[in-house]
Structure formats: C-alpha cells, structure tokens
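The following exercises concern a single protein model and are to be worked with the sequence and the coordinates at hand. Each task is followed by a solution in steps.

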Amino acid sequence: MPLVWRYQSNLVDRDQNPKLILEHDLGEGWSAFLTEYTKGIIKSILDAEPRIEVGDSLVEIEFDQPLCDERNSSVTSESAPSLIAAMAPGLSPANELLHVPSLKSAQSAGVNALRPNRVGSGRMGDLSGYKGDALRILQGSGASVGDILEVQTKWGIVTGTLVPRYLYGDGEHLVLKLKSGYNIGLSLSGLKEARVKAKGEKPSFTAPPPPSAEKGLPRVLILGTGGTIASRIDYRTGAVHPAVSSAELHSLVPELSTVARVETEFMFDVFSENMTPKHWTRLAQRIRRAVYDGVDGVVITHGTDTLGYTAAALSFALIGVPVPVVLVGAQRSPDRPSSDGPLNMVAAVSAAGRAEFAGVYVAMHLGESDDEVAFHGGTRVRKNHTSRRDAFVSVGVPLAAVWGRAGIEYAAEGLPRRGGEFKPKTRFDDRVALVKFYPSMKASLVAAAQRGGMRGLVIEGTGLGHVSKEVAAEVQTFIKRGGLACMTSQCINGRVDMNVYDTGRDLLHAGVLPLEDMLAETALVKAMWALGNSKTVAGAKKFMVANLAGEMTTRTFPG
Ligand code: ASP
C-alpha cells in the first residue's frame with residue numbers, strides 16, 4: 001500500500017510557530033508507526049523534536065520555536081523545502097501529491113515475546129553507538145551496522161539498513177535507514193523480532209577523483225585538523241566521517257579547483273577543544289616548510305570553537321609569514337542546506353592564493369546570507385555566538401578584509417604585504433593559566449595555579465583591570481616567586497587602565513603587566529609563546545608588552 005502525502009501548510013510564516021500538516025491515506029491503525037517515522041525524519045534533518053499528532057488521515061507537526069535563526073529567515077526558507085523533500089521526495093511546498101512506494105504494507109504479526117533471531121555466525125559486528133537492550137538485541141541477531149534488517153513491530157514489518165547511533169543516543173531504539181532514504185527510530189517497546197535479511201558492506205566512501213586544476217593557478221596547501229567543516233555524512237548509514245583527503249575535500253567543494261591548484265594534507269582529526277600548544281607547534285612547523293617550498297598560501301580547516309586560539313598561536317609563531325595563512329571553519333555541518341563551509345572554504349582558498357596581503361586570518365561568513373566572507377586578523381578575532389554562521393567578530397579593530405564572489409572587495413589599510421623577512425618561532429610553553437576573576441573568588445585558586453607548576457598567569461579582571469584585595473595579594477606572591485602575571489579585561493571591548501583605582505595601582509606595583517586592549521584568549525596564547533621562546537621571564541615580559549602581531553592597538557577603535 002503506497003503512502004500518499006499531501007503538503008498543507010506553510011513553514012515560512014515567522015509570526016507563528018511553524019506548523020506542517022501532511023495528509024496520508026494509510027487509513028486507521030498507523031498512528032504509532034507514523035509518529036515514530038515522522039519523529040525520525042525530523043530529528044535527522046532538523047535535529048528538532050516537535051509535537052506530532054497523527055490522525056486517521058493527517059499528521060500535524062508543530063515546532064515550538066521558529067525554524068530560523070533569530071531575525072533572519074534564510075534558514076527557514078532553506079529548511080522548509082529540505083524537510084518537505086525528506087518527508088516526501090519530489091513534493092514541493094505547493095499542494096502536490098506524491099506516492100512513496102517503498103513502505104511495506106502492514107502485516108499482522110503474532111504477539112510473540114521479543115525473541116532475537118540468530119542469523120550468521122553471531123560474531124559481534126560493528127554496532128557503533130548502540131547500548132543497553134538495543135545492543136543486546138542486535139548482538140543476538142548477529143547484526144552489524146550496514147546490514148539490512150527486517151524488524152517486526154507491533155505496527156507491521158519495517159525493513160531498512162541499520163544505521164549507527166550517536167554516542168549519547170539511548171539504548172531504547174534501533175535506527176534504520178529505509179529504502180526511501182529516510183531514517184526511522186524504532187522503539188524497542190513496539191519491537192517483536194529483528195532479523196538480518198542481508199549482510200551489508202562495511203560503510204565506505206570512495207571520493208570521485210579530484211577535478212584537475214588549470215595550470216597557472218596559484219598553489220594553495222590545505223591542512224586538515226578536523227571540526228565540523230571537514231565532516232561528511234554517509235547518506236547510506238547516516239554516520240558522520242571526517243573528510244580529510246584531497247579527493248574528499250574536492251568532492252565536497254569542487255569549485256576549489258577553479259581558484260587554485262590545491263594540495264591537501266591530513267594533520268589531525270580532532271574537535272577543536274582538543275587542540276593543544278603541541279598541535280599549534282606542528283601546524284606552524286608544517287606551514288614554515290610549505291612557505292620555504294614556495295606555496296602561494298595556506299588554508300587550515302579547523303573546528304570553530306577554538307579557531308581564535310589557534311589563529312592567535314599561528315600569528316605569533318609565524319610573525320612575518322610572507323603568504324596568507326587562512327583558518328576556516330563551519331558552524332553548520334555539510335549535510336545541512338544552510339552549511340556555511342563551502343563558501344568559507346572557497347573564500348579562504350581564493351584569498352590564500354591571490355590576495356595581495358600576507359599574515360594570519362580567520363575566514364567566516366560576514367552575515368547570515370551566502371554572499372560574503374569576512375577576514376579577521378588572527379589576534380583580534382572571537383567566536384561570539386554559539387550557532388550563527390556570522391558568529392565571528394573582529395574585536396576593537398575593523399575587519400581585515402571582505403571577500404565577495406568576485407574576489408577581495410575590501411582590505412583594511414596597513415595589512416602586511418606578501419614577501420619580506422620570515423623568522424618563525426614555533427615553541428609554546430603550556431604552563432600558563434587563564435583566570436577569570438569573579439566576586440568571591442578564592443585566592444587559593446591562584447595559589448593552586450602556582451602549586452600546579454604554572455609559570456604564567458593571565459587574569460581577566462573586572463572593568464579596567466581589577467581583582468579583589470585577597471586575590472591581588474596572592475598574585476603578588478605569584479610574581480615574587482618568579483611568575484609572569486598579566487592583566488586583561490573581561491569587558492572584551494576597551495582597554496585596561498590600572499592607574500585609576502587603588503587595586504589597579506597595587507597590582508601594577510606588584511609587577512602585573514597591563515595588556516592594553518589585548519583579548520584575554522590572545523594574551524593566554526601569547527604568554528605561552530613568549531615563555532616558550534625566551535630564556536628568562538624578563539625576556540617573556542618584553543615580548544608581552546610589545547605589539548608584535550596586531551594584538552594591541554594604540555587607539556581604541558570605536559564600537
Ligand atoms: N566542536 C566543534 C569544534 O570546534 C565545532 C565546530 O567544528 O564548529 O571542533
């Protein structure tokens with residue numbers, strides 16, 4: 001029996017919570033199945049859990065929040081068609097009809113106790129992410145991810161490919177990818193029997209050969225470090241894979257071959273919270289080698305969460321770098337219609353190859369629309385929003401550059417030019433702590449940093465650069481014992497001035513270095529670099545108070 005959908009309402013109305021009504025003609029008795037089915041699709045496409053009401057002929061889906069990001073409707077207008085296309089391929093947001101022939105008609109199944117059917121050798125296969133009862137049932141059935149399972153449920157028989165689960169998925173559901181391409185989550189409570197119908201191949205991905213680039217294009221090295229931008233969904237199993245080889249990157253963003261001769265290299269595959277100064281050193285050393293080898297520019301694909309830290313680290317390690325070094329990320333994964341990765345990537349590669357300026361930059365969406373990419377100086381950039389595509393901002397300085405589809409549209413005055421002397425210093429000493437002061441903070445935290453072997457302390461003080469008297473006294477001890485202590489402000493904008501109030505003066509007197517308008521994260525990275533490349537703390541102090549890579553300005557830029 002085919003399932004016939006009819007699309008009825010408009011998801012793009014931003015004044016109300018979006019509602020989607022789909023008509024079906026399965027007749028009575030399908031409500032539990034359709035609820036699970038709809039839930040599975042919406043979870044996999046939008047990662048949302050709306051209210052779903054299934055009647056004899058209607059499925060009503062009401063989202064509890066707009067499907068758009070804040071005030072911008074572009075995500076809604078992208079999400080709606082993709083959701084509808086997933087619910088019912090070929091159905092556009094007009095009232096059209098579609099037949100989805102792949103659902104099996106219901107078959108009455110006896111009410112057996114749950115009895116896994118042993119198929120094959122019973123050897124434990126790859127059951128990534130499954131746990132609890134779901135894992136036990138799958139093991140009992142000899143199933144592996146990628147196998148085609150026939151699952152008897154109280155709503156009928158469902159056949160589909162077993163899909164891996166997310167790490168934090170519960171142990172109460174099996175997830176199958178139906179022949180139609182949709183994922184469905186089947187609750188164990190309605191499951192009577194699961195058997196392997198056919199063994200599947202192990203999930204694999206063979207990228208098409210990279211398109212060949214024209215001769216005469218600039219040479220750009222792309223270094224992969226992981227993060228959302230370098231992920232790829234395997235549409236058969238639903239698993240997320242890193243895409244790190246040149247071929248895979250090209251297959252994701254084939255336009256790259258029209259802007260540069262791209263060479264790609266896998267360096268790490270980490271979520272960016274796992275980056276450390278050791279990774280920064282390896283990156284800086286690899287870039288140094290590439291520069292000596294004559295590349296025209298370098299692009300680093302990176303998770304966005306700590307993109308600013310790595311950008312600052314490379315800005316110091318590669319002072320005077322004679323080519324553009326562009327770090328790029330994506331806020332949305334490539335399987336989402338609103339992914340920002342491809343545009344950011346094309347902008348980064350094209351600027352790395354052709355821009356007249358050199359230095360370290362972060363390239364991310366300028367606004368929520370897909371036309372322009374902002375280039376931020378590597379020491380003044382911050383991720384200021386958890387999810388927006390334009391989450392990155394330049395703090396206290398104008399944007400370094402703006403890229404539009406025709407190339408660089410704007411570049412700030414005074415950016416370093418290509419060429420010149422290059423003497424990289426790639427070491428970092430990770431024995432530096434970043435401490436955010438807060439009312440009631442215990443001085444023992446500073447003492448603990450010292451006992452923990454920290455050589456440097458970057459304080460994010462209040463306002464112009466203050467901490468309580470109790471904490472100030474402990475900072476003084478830290479300095480007396482040979483530590484390097486610096487002050488930044490948790491205000492983010494503006495600069496520290498420790499001459500105005502008593503506490504500030506006391507801290508200055510004790511030897512705390514005021515770091516002007518340097519961002520706290522940049523100051524942390526700089527202190528690690530300064531200690532890593534100086535024989536003495538006095539030498540590191542000299543580095544800290546000098547403006548070496550645009551990290552401090554002499555005048556506060558308004559706004
Ligand atoms: N947590 C991820 C990371 O920073 C997020 C991203 O890639 O944007 O690696």
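**Exercise 1. The protein as a whole**

Among contacts in the protein between residues at least 6 apart in sequence, what percentage join residues at least 24 apart?

Solution. The model is predicted, so local features need pLDDT of at least 70 and side-chain atom pairs count only at pLDDT 80 or more, while totals for chains, interfaces and linings use all residues. Residues are numbered from 1 along each chain as its sequence is written, and side-chain values use heavy atoms, with hydrogens and water left out.

Step 1. Contact means heavy atoms within 4.5 Å. Of the contacts between residues at least 6 apart in sequence, 70% join residues at least 24 apart.

Step 2. Helices (H or I, at least four residues) and strands (E, at least two) are DSSP runs, numbered from the N terminus. The protein has 13 helices and 26 strands.

Step 3. A residue is buried under 20% relative accessible area, exposed over 50%, and partly exposed in between (1.4 Å probe, protein chains only). Of the 559 residues in the protein, 53% are buried.

Step 4. Accessible areas come from the Shrake-Rupley method with a 1.4 Å probe; for residues, only the protein chains shown count as cover. The protein exposes about 24800 Å², of which carbon and sulfur atoms supply 51%.

**Exercise 2. Buried positions in helices and a strand**

Determine how many of the eleven residues of helix H7 (residues 307-317) are buried, then examine asparagine 344 and leucine 20.

Solution. Step 1. Ten of the eleven residues of helix H7 are buried, so this helix is largely enclosed by the rest of the structure. Among the buried residues of H7 are Leu307, Gly308, Leu314 and Phe316.

Step 1. Asparagine 344 belongs to helix H8 (residues 341-354) and is buried, at a relative accessible area of 0%. Not counting residues up to four places away in sequence, asparagine 344 touches Val328, Gly329, Ala330, Ala363, Met364, His365 and Val373.

Step 2. Leucine 20, in strand S2 (residues 19-23), is likewise buried, with 0% relative accessibility. Its C-alpha atom is 8.6 Å from that of phenylalanine 63, a residue 43 places away in sequence.

**Exercise 3. Aromatic pairs**

How many aromatic pairs are there, and which residues form a cluster through ring pairs?

Solution. Step 1. Rings of Phe, Tyr and Trp (its six-membered ring) pair if their centres lie within 6.5 Å; planes under 30 degrees apart count as stacked, over 60 as edge-to-face and the rest as tilted. This rule gives six aromatic pairs.

Step 1. One of the pairs, tyrosine 292 with phenylalanine 422, is tilted, at 6.0 Å centre to centre and 55° between the planes. The partners are 130 residues apart: tyrosine 292 is in helix H6 (residues 277-292), and phenylalanine 422 is in the loop between strand S22 (407-411) and strand S23 (432-436).

Step 2. Tyrosine 292 is exposed, at 57% relative accessible area, whereas phenylalanine 422 is buried, at 10%.

Step 3. Ring pairs join Phe316, Trp529 and Phe543 into a cluster.

**Exercise 4. The ligand**

Which side chains and backbone atoms lie at polar distances from the ligand?

Solution. Step 1. An N or O atom in the side chain of threonine 304 is 2.5 Å from a ligand oxygen. For the side chain of aspartate 305, an N or O atom is 2.9 Å from a ligand nitrogen. A polar backbone atom of alanine 330 is 3.2 Å from an oxygen atom of the ligand.

Step 1. On its own the ligand has 270 Å² of accessible area, and the protein covers 87% of it.

Conventions. Polar contact = N/O pair within 3.5 Å; in protein donor to acceptor, adjacent residues only side chain to side chain.
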